[in-house]
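User: Could you walk me through how to read a structure like this, one feature at a time?

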2 protein chains.
Amino acid sequence: MKTRFLNTLLSTFLALASLQVTAAGNDPLPSWNDTASKKAIVAFVERVTQQGSPDFVPAAERIATFDQDGTLWVEHPIYTQVLYCFDRVGVLTKEKPELKEQEPFKTVLSGDREAISKLSKEDLEKILMATLSGMSVDQFQAEAKKWLASAKDPRWKRPYTELTYQPMQEVLRYLRANGFKTYIVTGGGQDFVRVYSEATYGIPPEQVVGTAEGTKYGYDKDGKPFLTKEPKLLLNDNDAGKPEGIHLMIGRRPNVAFGNSTGDRQMLEWTKAGGGARLSLILLHDDAKREYAYGPAQGLPDTKVGTFTQALYDEASSRGWTVVSMKDDWKTIFATPFLAPTGRETNQVK
Amino acid sequence: MKTRFLNTLLSTFLALASLQVTAAGNDPLPSWNDTASKKAIVAFVERVTQQGSPDFVPAAERIATFDQDGTLWVEHPIYTQVLYCFDRVGVLTKEKPELKEQEPFKTVLSGDREAISKLSKEDLEKILMATLSGMSVDQFQAEAKKWLASAKDPRWKRPYTELTYQPMQEVLRYLRANGFKTYIVTGGGQDFVRVYSEATYGIPPEQVVGTAEGTKYGYDKDGKPFLTKEPKLLLNDNDAGKPEGIHLMIGRRPNVAFGNSTGDRQMLEWTKAGGGARLSLILLHDDAKREYAYGPAQGLPDTKVGTFTQALYDEASSRGWTVVSMKDDWKTIFATPFLAPTGRETNQVK
């Protein structure tokens, strides 16, 4: 009798577990609250993937583009790649000591946070160009990978690659499961993001479009060829550079685009202006407790990153973009290593 | 009895057809003779795809790049895209009549073949820039598609998109069946090739890397955005521009590269110089009867297209590239519509 009771209990347990699995299986976006944003995403996917639907798009033509900083992972208070470049200034000035006394390198080396936060856009560009060029593409990849494996966000004490948003990881997976090719279209450096995009988001390097410098082909003394990163801007993948970069690197207009700031405006416009069903979404950082709240659209302090202006909010409304509220639409914020997109036990860079 | 006889005949026919399919199924490259070139391709694919092999490459990382003109389809005596641009000169000078009296447009309009064949590289570049820019990307696609549907090669009296090489279509399919992403890496215009790459080779637009001009984002009077093709060169995808373009657009070094001329040299070098097993192949046009024979390496007349020099031949040998002879290695030359890669009944542009 005892055995029979245990068996019944076990059966009941398994049945319940199975029900739970089914429920989770039915919900492609379990970290999203059941609000209008989630409904808009699911309804859109159903419209374009259902054979016979007037908005049906063949699987081979389904393209989804995502901004990275502030859309897929944390961008506040400063872009991760800029922190990387600041750290590289130390290495650079060891190789070229004459730069130690030159601005803006001198300020970066001083470690004076107040002064560093006041660096101009031109200063930042100078730092980026100097620290992201002059080495072979293989060297660059090795250096960036090493840095990403050890650097940690000061607030969360976790590697930057663990500060991706769980609800967005679910959107990426949901779209891929429905035949979409998912792309990152970032103002950040294309070569930098490609180092970790596959392990962190399940997005291969060839599906990362970003700000790109040129390279130069040459040979070493044994005739072995190599590519050197050059301080020559080929694509500034911000603002109008996003649709231009999408045309250059993908050649198709996206069906879905997701952004969070004025730098994504043209990508969202370009996507939504296509024929058939198109979905443009914009993420609002309005969750000071769980992440950050910023952007003048909310009367929140403006920052150098992720500007979300009133004009952008108005345009979202007039052009029919979906505004996603981090505070109201997301149950959880961060993806944990356990939920890494590639199925590995950690989403740190290999 | 008659019915029974017909049924038996039908069964026999089906059995034979099935046998044929099986035989073809065992040979991934049926249009290739059983020579060293074919063996090199098959051996390479087996090495990199066999789990446990020291040269195993995970499927997600398998990249194959193909030059187009002279490698996937006919380039002689003149690149198809140049013919397109010559035809567009007529349209352009209708819009801008002042160009009718200016060189090199005047020569093109004269129809004097002798004079046209003597146009310099700079003249050709001027024609390309003038005829490939100034319109929206949508307009350009529509115009190129229309031209491709009606233009015919004067020797074969067939659309250019039907002049692809059957043995190369088989290599593309064979690699894809083994997990490779196949890319076109062409000196030709990226936007031009993208118009027909999917229907003609089964290669989607986002897997075409080519010579690329910039675009400019703007709005029409109703606020609807569009992209205009600009006469500004972003990537000259020839020579060193090929590995540089591969890094820009793909971000991974290819495992296989296939070319046919000096413009492919650096791509073949770059591919072969990677770690593990790499395959670089170069196609020799030595079949005057079935296609063309050209290139100084064979004491054949040099031409403006597809230069295959003695130096290139020497390098192929010293760096271990596989030299493919059209005459000796290929059973058939042209893909027929019946064998179109997409399974459609014609490989003309949709």
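This is a predicted model: local features need pLDDT of at least 70, side-chain atom pairs count only at pLDDT 80 or more; totals for chains, interfaces and linings use all residues.

User: How many helices and strands does chain A have?

Analyst: Chain A has 13 helices and 7 strands; helices (H or I, at least four residues) and strands (E, at least two) are DSSP runs, numbered from the N terminus. Of its 350 residues, 52% count as buried, meaning under 20% relative accessible area, with exposed over 50% and partly exposed in between (1.4 Å probe, protein chains only).

User: What rotation superposes chain A on chain B?

Analyst: Two copies of a chain are related by a rotation about an axis and a shift along it. Here the rotation is 180° with 0.0 Å of shift along the axis, and the RMSD is 0.0 Å; the superposition is by least squares on the C-alpha atoms of residues with pLDDT of at least 70 in both copies. The two copies are therefore related as by a two-fold rotation axis. In chain A, Met249(A) has the C-alpha nearest the axis, at 3.0 Å. Both copies use the same surface, as 100% of the contact residues of chain A recur in chain B, where contact means heavy atoms within 4.5 Å.

User: Which residues of helix α10 of chain B are buried?

Analyst: Helix α10 (residues 241-249) of chain B has 9 of its 9 residues buried, among them His247(B) and Met249(B). After α10(B) comes Gly251(B), with a positive phi near 80°.

User: Is strand β6 of chain A enclosed or open, and why?

Analyst: Strand β6 (residues 279-284) is largely enclosed by the rest of the structure, because 6 of its 6 residues are buried. Leu279(A), Leu281(A) and Leu283(A) cover one side, and Ser280(A), Ile282(A) and Leu284(A) the other; all are buried.

User: Which strands pair with β6(A)?

Analyst: Two strands pair if DSSP finds at least two bridges between them. Strand β5 (residues 256-259) of chain A runs parallel to β6(A), joined by 4 bridges, and Gly259(A) stands opposite Ile282(A). Strand β7 (residues 322-325) of chain A also pairs with β6(A) in the parallel sense over 4 bridges, with Val323(A) as the bridge partner of Ile282(A).

User: How do α11(A) and α12(A) pack?

Analyst: Two packed helices are described by the angle between their axes and the distance between the axes. The axes of α11 (residues 265-272) and α12 (residues 310-319) of chain A come within 12 Å and cross at roughly 5°; axes are lines fitted to C-alpha atoms, for helices over the stretch in contact, and angles run from 0 to 180 degrees between N-to-C directions. So α11(A) is roughly parallel to α12(A), a label for angles under 35 degrees. Arg265(A), Glu269(A) and Lys272(A) of α11(A) make the contact with Leu312(A), Glu315(A) and Arg319(A) of α12(A).

User: Where is Ala316(A) found, and what is it in contact with?

Analyst: Ala316(A) is in helix α12 of chain A and is buried, with a relative accessible area of 1%. Leaving aside neighbours within four places in sequence, Ala316(A) is in contact with Ile282(A), Trp321(A) and Val323(A).

Technical notes
Residues are numbered from 1 along each chain as its sequence is written. Chains are lettered from A and ligands numbered from 1 in the order in which they are written. Side-chain values use heavy atoms; hydrogens and water are left out. Angles under 35 degrees count as roughly parallel, over 145 as roughly antiparallel, 65 to 115 as roughly perpendicular and the rest as oblique.
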